[in-house]
Amino acid sequence: MVVNLLRERYRVDLVELQAACEANYARLMRLLPEMREHTQSRRVALSQGEHLLGILALEVLESCPYTTTLCVRQEHSLPWLPVPQLQVRVYHDARMAEVVSAENARRLHIRYPYPNAAMHQPDEKSQLNLFLGEWLSHCLACGHESQPVM
């Protein structure tokens with residue numbers, strides 16, 4: 001317990017978190033531009049040459065006047081790789097998108113004490129928002145439609 005006393009408490013960088021959420025909103029609007037009009041989904045394939053690495057599935061779960069809730073998950077991933085699944089809330093009035101739950105964590109806290117029983121990192125929410133940004137950026141740069149366009 002002495003180690004905990006010496007460690008500086010994690011401080012949330014709100015500017016960094018807000019910038020990540022704003023960038024995630026812009027990326028999601030490029031991938032699902034009509035998410036506000038009607039419930040929709042999209043599947044973006046990720047491959048290397050002829051080998052399919054996986055499919056990013058974006059699905060609208062709930063659409064309200066100012067917010068949309070999405071499920072972002074990986075399909076057809078490698079057998080040894082855990083399948084990531086995030087629930088993302090998109091705030092259209094603020095032009096931000098944030099991860100609100102991941103895997104089995106129903107509601108993410110902005111900061112966690114460390115160590116904790118669930119083994120969350122002190123900055124778990126920030127890390128998940130940065131991961132979402134990297135995931136979406138990779139899909140925008142290297143992804144393609146999973147179905148051929150006729």
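## Glu75 and its surroundings

The side chains of Glu75 and Arg43 make a polar contact at 2.5 Å; such a contact is a pair of N or O atoms within 3.5 Å, where within protein one must be able to donate a hydrogen and the other to accept it, and residues adjacent in sequence count only if both atoms are side-chain atoms. The model is predicted: local features need pLDDT of at least 70 and side-chain atom pairs pLDDT 80 or more, while totals for chains, interfaces and linings use all residues. Residues are numbered from 1 along each chain as its sequence is written, and side-chain values use heavy atoms, with hydrogens and water left out.

Glu75 belongs to strand β3; strands (E, at least two residues) and helices (H or I, at least four) are DSSP runs numbered from the N terminus. With 17% relative accessibility, Glu75 counts as buried, a term for under 20% relative accessible area (1.4 Å probe, protein chains only). Leaving aside residues up to four places away in sequence, Glu75 touches Arg43, Gly54, Ile55 and Ala57, contact meaning heavy atoms within 4.5 Å.

## The sheet

Six strands form an open sheet with antiparallel pairing, in the order β5-β4-β3-β2-β1-β6. β5 (96-102) and β6 (144-145) are at the edges with a single partner strand each, so one side of each has no neighbour in the sheet. Strands pair if DSSP finds at least two bridges between them; β2 (residues 51-63) and β3 (residues 67-75) pair in the antiparallel sense over 8 bridges. Val60 stands opposite Leu70 in β3.

## The helices

Helix α2 (residues 14-31) lies across β1 (41-48), β2, β3, β4 (85-91) and β5, at about 95 degrees to β5. Angles run from 0 to 180 degrees between N-to-C directions, with axes fitted to C-alpha atoms, for helices over the stretch in contact. Helix α3 (residues 124-142) packs on the sheet and touches β1, β2, β3, β4, β5 and β6, its direction making about 115 degrees with that of β5.

Technical notes:
Buried means under 20% relative accessible area, exposed over 50%, partly exposed in between (1.4 Å probe, protein chains only).
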